[in-house]
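Please work through each task before reading its solution.

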Amino acid sequence: MTCCEPVAGQSLLDLTFAGLERALVSAGLPAVHTRALWRALHHELAAELPARTDFVPPLQRWLREQVGEGKPFTVAMPTQVADIASGDGLTRKFLLRLADGQTVETVLMAYDGRHTACLSTQAGCAMGCVFCATGQMGFVRHLTPGEIVAQVRHVQLAQRTAGKPGLRNLVLMGMGEPLHNYDSVMAALEIISDRRGLNLGPTKITISTVGVAPGILRMAEERRPYQLAVSLHGATEEERSALVPASRRWSLAELMAACRTYFAQTGRRIFFEWTLIAGVNDSTAQAGRLALLLAGLDAHVNLIPLNPTGGFAGGPTQQAAAKAFQAVLKDAGFPSTIRQRRGIDVAAGCGQLRAEKTRASGGKPAA
């Protein structure tokens, strides 16, 4: 059984369109009714489905009998624990509690003409990146497809309530490693990008990985249409493994070989992420080594000044050093962007708000 086939007590948000259709057909309903239920779930963002009277009677009856507490299906939505906006009004961070009490973060960011949501894919993370608040807390569990989809619904509903435009972009850069939770992530993105519902275009969705080489190869083999972003942070095995323990599992050489295979098979540009840490990985010599590492790839480098965390002593690179690093990449022919530091006053780095709430409650899950 796959992650998106119906099981007892499962959220309807876990089901792809095909999975929802199978659930209805197995109960004796015509497949044609799938579209109306799908639209209600993923376009209208409805939650109280059994109470609706605008469906055809057989579908109304199925919803009353099958959906609700103690029934085979639910529409599981997280409970909002916190909703914090940055002082400039451009970043909004939600802390959401799942059915089992685990909490995850979702961030909404406003840019000129567009809104982007940053989603979590796991509670905690097994990759252990030393400068990341989520990596510092360790791995708890994978999120289900529906728990990932529910974050998009939550943000879209918040935008609607505020009278603001819907999302245009998604980045899977929140809590967790997306390619460590591959099947659930891909099922969720199939749901999110379905034109009959949420309709977020695949090319507007970016999957960020710390370097899970087998997942990158699988994305290439399956011709997944999403953008790929790879977190490097170091251009030698020694430098990278000091910051990214996962490099000891998938070496830098193995990771770059997977990236080259991905590029050869898909022809798609790869975005490389480099967190700039003052005095650690922000020298022009390191920029030169990065340029050599990327030779032959269609690559864009996102340079991200560090969001400080309580568990890591490093600080963000100053603007002058970031510009000098960028200049080396430009001279080597690689486009790059120095990312804005967003939401510092709302702990916008992934895992930071959850960690703060946990510390405030004496180590207990955020209430």
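**Exercise 1.** Determine whether Phe-325 is buried or exposed.

*Solution.* Phe-325 has 0% relative accessibility and therefore counts as buried; buried means under 20% relative accessible area, exposed over 50%, and partly exposed in between (1.4 Å probe, protein chains only). The model is predicted: local features need pLDDT of at least 70, side-chain atom pairs count only at pLDDT 80 or more, and totals for chains, interfaces and linings use all residues. Residues are numbered from 1 along each chain as its sequence is written, and side-chain values use heavy atoms, with hydrogens and water left out.

**Exercise 2.** State how many aromatic pairs a search of the whole structure finds, and characterise one with Trp-62.

*Solution.* Trp-62 belongs to helix H3 (residues 57-66) and Phe-73 to strand S2 (residues 73-74), eleven residues apart; helices (H or I, at least four residues) and strands (E, at least two) are DSSP runs, numbered from the N terminus. Trp-62 is buried at 5% relative accessibility, and Phe-73 is buried at 7%.

**Exercise 3.** Classify the pair of Trp-274 and Phe-325.

*Solution.* The ring centres of Trp-274 and Phe-325 are 5.6 Å apart and the planes stand at 45°, so this pair is tilted. Because Trp-274 lies in strand S12 (residues 270-276) and Phe-325 in helix H11 (residues 319-331), the pair ties together parts 51 residues apart in sequence. Trp-274 is buried, with a relative accessible area of 1%.

Notes. Rings of Phe, Tyr and Trp (its six-membered ring) pair if their centres lie within 6.5 Å; planes under 30 degrees apart count as stacked, over 60 as edge-to-face and the rest as tilted.
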